[in-house]
Amino acid sequence: MRNLKPLLFLILFLFLASTSLVAQQNSRSKKPSELKLLREKALQDAKIFGNSDVEFENLETPKKWLDESAVVLARKIEYIYSNEFKNIMFEKIFRSRVTLLDQSAVELYSEFYFMSTNEIGIRIFKPDGTMHVVETDQAVEVENTVNVPSTFYSLKVEYKKLAVPNLEVGDIIDYYYHYKEAHINFAEHAFEPIIFTLSGDYPVLFQKIDFKVQFRGFYINFNSYNGADELIETENEQTRTKSFSFVDSDREKLESMRFLYKYLSEPTIKFQVVYSSPKYKRTSSNFLGEIGEPKSHVSQIELGEYVNRVTASNKKGVEYYVNTRCGYLRKKYSRNEVNKRRYLMDAYYYLRFYVLSSNGYDDLKYSVNDEYFVLIMKTLLDRQDIRNEIVVAIPRSTATLDNLLLSEELKWLLKVNIGNSEYIIFTPDRYSNMDDSYAVAEGCVAFAVIPSKNIKNMRVSEIEIPISSAVDNIVTKQYNVTLSDMNVMNIESTITSEGISKYDYFSSALIYDDYVPAEFRYFDFHEFPETKNATKVREQKRKINDRQAEDSKKREERFETRRNRSFNVSSFDDFELIETGIDRNSTSLVYSEKFSVEDLVKKAGPNYMLEIGMLIGSQIELEEKEMKRDKDIWIGHAVIYIHEINLTVPDGYKLQGIDKLNINVENETGGFISTAVLEGNVLKINTKKIYKNNYEPKENWSKMVEFIEAAYDFTQIKLLMKKV
Amino acid sequence: MNKLFLLIVSFFVLINTLNAQRIEQDLVKAKQLKKEYPDEKVVCLSSESVFNFFITSDKDEDMIEVDQNTEQRFISLIDYAEFVTFLYYDENSEISRLDVRGRNNKKESVVSLDQEYNGNGIFHSDGRMKLYDLGFDTKGEIKRSYYSKTYFNILYFPSVFFQEYFPVMEKTLIFNIPDWLDLELMEQNFEGYTFEKNIEKNPKQKTTTITYVFKNLDTPPDERKSFGPTYYMPHLLLLAKSYNDKGVKKNLFGSVDDLYDWYKSLVKQGKTDREVLKPIVEELIADKQTDEEKIKSIYYWVQDNIRYIAFEDGLAGFKPEDADKVYQNRYGDCKGMANLTKHMLIIAGFDARLTWLGTRHIAYSYDIPSLAVDNHMICTLIHGGKKIYLDATEEFIAYGALAERIQGRQVLIEDGDSYILETVPVVSSTENLQETTVNLILENDGRLTGTMKMEFIGEAKMDFQRNYQSLSSSYKDDALRVYLSDGDKNISIDKIETIGLNDRDIPLIIKSNISMDNQVAEFDDDMYITIDKDKEFEHFDIDSTRFCDWLFSYKLLFRSEVRLAIPEAYKVSYCPDNLKIITDDFSFDISYSYTDTELKYSKIIEISNGVIRKKDFDSWNSLIEELKKLYNDQVILSKI
């Protein structure tokens, strides 16, 4: 280590020399305080760019990647956690060296965005090997963060942007962000959890993640998945720190693919560092291992203990909430309510009401925190002696339960048993119904926990979250089609969606006034807190006015865009909401629409060609390269899409080609089945596209392709309407 | 005592009655206005601005300051209306006062939000907006907003528009012009508006008061694809020509000479170090033989290597950045890029000049001496007695080509202490030709297969290049295939060959093989064929209530020809009707013809001036109807 010091000074000296030219240019116009900042900046540049990682010396781009837009030659993220005086310090240094191989990459980096809390340094290497340091003090504030490209965007915070000079195709940009924060020494502080795939927008030649933590007080959770490498650990007794390194190299860029959950298929790492003083370990809301020893797995028992801890530590708050906010239930139900299901429903919808009405009550936003929801619900049920267990599961898009590592990954649910019926209750959003399937973790293994004051009495068991089948999630579109002027299809439609499918339609079908006021009336609540303050009352009314106007405009716009996706709607004439789909007694979303389409009837001499297949809307168009697949298939949920089309054939015409509409492709993954018959002058077409499961192994892809292609081929079928 | 009491009581009763009457009247007014403006929540009953002029000094330089005091009366047309309005300001101006008064003239607290205002494509500017909310409670409620704004220098305040983004029932602008100031108010686009104008001399104050009152001003149209607002919105240009300071006449912008002098003074402040540029210029022209080769080498280098990044911060909005700085930064705005082009060409031994102009977005010419006249800078090369306009902000433009936005525009070319006024030539749509030739045969399996050749020149080529070159390399091949197949899964494209993709001086040619599924439907002995896959303008109906002409990015000319070999034992039994419509601004000529062995489909579409005028919207829309019918019709081949 001692030997390194002269080297560091040498690097520092070289840096100061290289930046001094810039400094000299500006020194005449800069104040002493600004010059001091410049010097500090130069020192920082020297420290970070002078890092001894050999990988950052490389300026060669591998030949195999020369056709890419850009290549990350080296990337390093350092996280340093330390304990100074009464503060917990966190420092993050992100450095990346990227070869820019085309204009789009140059454009991206030439307007360089960064969070205002970060310090940055940028150098550019020209193809001839010369290096230029970029002055970063010319950066300007970005007030509208909508303009921040996703490459640079991470959180909704303040950003700055810098026009990077002298950047051309073939250049290598070498840059860093440096961020430092201090927290007052709390009992426990969990730093932001990090989950990411090793592959990204550009190929990466070398990447490294380093953590440095002091011996005292820091807990690390880290693991790598799907083929990512393991951590390498080193210890420094002198500085009383432990360092952990994660190294990865030669990583191709992430190709986009449909039906893919990247955290399940791509090499991924997860980690989090938590500061906790030992005496608080017993009440921690995180999975803590041993200080300084990376924890890589969470056992069933640990999970149970964690649920027990969180339950105990929230007990008072939950009791308070139940006692002060749930008067409605207390008044309505005696202590020994006989109709347990009715009570359960009322409790659930009462809490959902808080969620969907939270526009009015700002203080109730906490009610959507799922731990809190589950604990409130549990308390309400316990008071009626309704059997329940807390269930913790991981969303199926991020991991499986064996790979659980961080408490943030968990979703809390409640398993309720009344008689022979079992319900899985989860935190409602504004559209949820009590009987809805939990799409987020359908079919996943989860743990059910019965917490107890005495940990010995706590019970943990493994369960599987129920999975909905395709018949639970049917979308039916009924179209009555007539022709006017021979070339316009007038369509009267009724769309019914059930189960999880209806979540795809809610936001475009419902507006606030369709369902919220009814809930207020049901629970006999006022939409806004009652107040005699005239200004507040006026404000509330203005809000309502504005929301109503906005809502109906939004619905119009949304329908227009939704329609335009599948075929070109020439006029949109009517919309009627028949069932909201969020009512406790009816859980289907049903609405009707009237609209006209021009593009689907084509003239052909005295005859007409009907592009009848297009009426089932746009279908997946698989490209040639998608026909083969080497990754498993994750589908949102099993589903059936049904179209029932009745087309009235105008007098004086007969249809040709109806037989082509009879298709039957079905296998264990799904199917596309269609039938067509002519009854009098009405052509009746029924189509059904089924996704039978929410997951298929990659080996089944060719079977899925069969019915996906069949559905697409159907859209291409034309009928001839021949003049008789 | 009793009398006094009665008097007081009667007074209050009277006040209350009057108040109630007024509220009633306001309500009636609101109801009337709601009928007229069903989409508006709030309208402005009156807006009155008074402008006063002062001489101020800043850094030994005198400036004419303009103070604006505005009072606006708004009425709510609905109960509980939220209404956010804003004021614009920048480095040359400030908002010094903003008050809102509600019922009984009671002052209300104003919560305002200060926000950056950046125009399109500007990296950073000094433009800012102050947003504030006037919340209304009842229909018919009236609120007044008062604000004061100061423009520090009249020269940076070249125009005032009458319309606001809300309807104004009565808009009054009052200019108290002191006798020492020679200020012309030039009226623009007043035709068709109801207004009064009054000029009053005030000998005592030594001022002339000019008052304009406009009635019933609607919100201006916010329509894409239109000319800039200076073409159609009523406004005044403030032409500050000179002023008299203690008996001495001092020029402002009295003529284009003054404007040029000012521009030139800014250019002279520049300190371009040509030594910095010499090596690159020498390198660029080293192996070039002819002048044209040398010029191209420099011009194309600037286009390819200098990115357009604009800072509009105070004077930076007018002063060209030093050329060496632009070179080192590898970025600049139009002025910086023009300046770099100029200096590099001078080093190479050419006569190159900075050139100011207003693009076609602006309605004015240099007959008007004002900063409102121009918004762009290019470089003019004077070579062989000709003026060649070089605009390096136009990526992918060829030497000698002229971008649509500068064609026909007057330019102000530097010429030492003098200047040259010229007009950029206008070129025809044939310079922007996009031509497609497709040769097809019908395969036994019903596919149409064959070859396709597309050729692009001028703006059509530049348009293609801009889109294509901005793509990430790894997606370029896919994107090209998607472009050629219109993203239609039925169309597969292979064996793509491009010529001229990286050469500005030759047309861009894309050749490929094409195979189309589902374009032929067979019923009995007939085959129904869709021959046109592109169907340009099929859905191009223009809303006939639109206010502005429809402006295309450039003059368009599409030409295409599809030839289909007729299979043996088949004949053409039906062809759709031909379509031929020719007007001054657009023409469509689409025809089918055939022999025993070949069907030919030919299409020529021209938008000859790059614009569809409002007067032609109806005929345009009926043309599109005809076009739809034609596109929707099929060719029928029948077995012989």
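The following legends describe close-up views of a predicted model.

**Figure 1. Overall dimensions and composition of chain B.** Chain B comprises 9 helices and 38 strands. Along the principal axes, the C-alpha atoms of this chain fill a box of roughly 120 × 70 × 40 Å. Of its 640 residues, 52% count as buried. When contacts in chain B between residues at least 6 apart in sequence are considered, 71% of them join residues at least 24 apart.

**Figure 2. The contact between chain A and chain B.** Chain A contributes 54 residues to the contact and chain B contributes 52 residues. The size of an interface is often given as the accessible area lost when the parts come together. Here the area buried between chain A and chain B is about 4,200 Å², of which 46% comes from carbon and sulfur atoms. Between the two chains there are 20 residue pairs in polar contact, counted with both residues at pLDDT 80 or more. On the side of chain A that touches chain B, the elements giving two or more residues include helix H3 (103–110), helix H11 (534–566) and helix H12 (701–715) of chain A. Strands also take part on this side, among them strand E25 (601–604), strand E26 (607–610) and strand E34 (719–723) of chain A.

**Figure 3. A salt bridge across the contact between the chains.** The count between chain A and chain B is 5 salt bridges. The view shows the side chains of B:Asp633 and A:Lys603, which meet in a salt bridge with an N to O distance of 3.6 Å. Strand E25 (601–604) of chain A is one of the elements that give two or more residues to the side touching chain B.

Figure 4. B:Leu4, B:Leu7, B:Ile8, B:Phe11, B:Phe12 and B:Ile15 make a nonpolar surface patch of about 600 Å². B:Phe11 belongs to helix H1 (residues 2–36) of chain B. The relative accessible area of B:Phe11 is 47%, so this residue counts as partly exposed.

**Figure 5. A salt bridge between distant parts of chain A.** Over all chains, the structure holds 83 salt bridges. In the one shown here, A:Glu319 pairs with A:Arg383, and the closest N and O atoms are 3.0 Å apart. A:Glu319 is in helix H5 (residues 300–325) of chain A, whereas A:Arg383 is in the loop between helix H8 (370–382) and strand E16 (387–393), 64 residues apart. A:Glu319 is partly exposed at 26% relative accessible area, and A:Arg383 is partly exposed at 22%.

**Figure 6. Salt bridges within chain B.** The side chains of B:Glu71 and B:Arg144 meet in a salt bridge (3.5 Å, N to O). Because B:Glu71 lies in strand E2 (residues 61–76) and B:Arg144 in strand E9 (residues 142–151) of chain B, the pair ties together parts that are 73 residues apart in sequence. Both partners are partly exposed, B:Glu71 at 31% relative accessibility and B:Arg144 at 27%. A further salt bridge joins B:Asp287 to B:Lys288, with the closest N and O atoms 3.0 Å apart. In this pair B:Asp287 is exposed, with a relative accessible area of 53%, while B:Lys288 is partly exposed at 25%. Elsewhere, a network of salt bridges links B:Asp391, B:Glu394, B:Arg405, B:Asp463 and B:Arg466.

**Figure 7. The surroundings of A:Asn417.** A:Asn417 is found in strand E17 (residues 411–418) of chain A. Its relative accessibility is 13%, so A:Asn417 counts as buried. Leaving aside neighbours within four places in sequence, A:Asn417 is in contact with A:Ile386, A:Arg387, A:Glu389 and A:Glu422. The C-alpha atom of A:Asn417 is separated by 54 Å from that of A:Asn681, 264 residues apart along the chain.

**Figure 8. Two residues of chain B with a positive phi.** Most residues other than glycine have a negative phi. B:Arg330 has a positive phi of about 60° although it is not a glycine. This residue sits in the loop between helix H5 (323–329) and strand E19 (331–332) of chain B, and B:Arg330 is buried at 9% relative accessible area. B:Asn518, likewise not a glycine, also has a positive phi of about 60°. B:Asn518 is placed in the loop between strand E28 (508–516) and strand E29 (520–523) of chain B, and is partly exposed at 29% relative accessible area.

How values were computed
Residues numbered from 1 in each chain as written. Chains lettered and ligands numbered in written order. Heavy atoms only, no water. Patch = residues over 30% accessible without salt bridge, like charges linked within 9 Å, V, L, I, M, F, W, Y side chains within 5 Å. Areas by Shrake-Rupley, 256 points an atom, 1.4 Å probe, with all protein chains shown as cover. Salt bridge = Lys/Arg side-chain N within 4 Å of Asp/Glu carboxyl O. Helix = DSSP H or I, 4+ residues; strand = E, 2+ residues; numbered from the N terminus. Buried < 20%, exposed > 50% of the residue type's maximum accessible area, 1.4 Å probe, protein only. Contact = heavy atoms within 4.5 Å. Buried area = accessible area lost by both parts, 1.4 Å probe. Polar contact = N/O pair within 3.5 Å; in protein donor to acceptor, adjacent residues only side chain to side chain.
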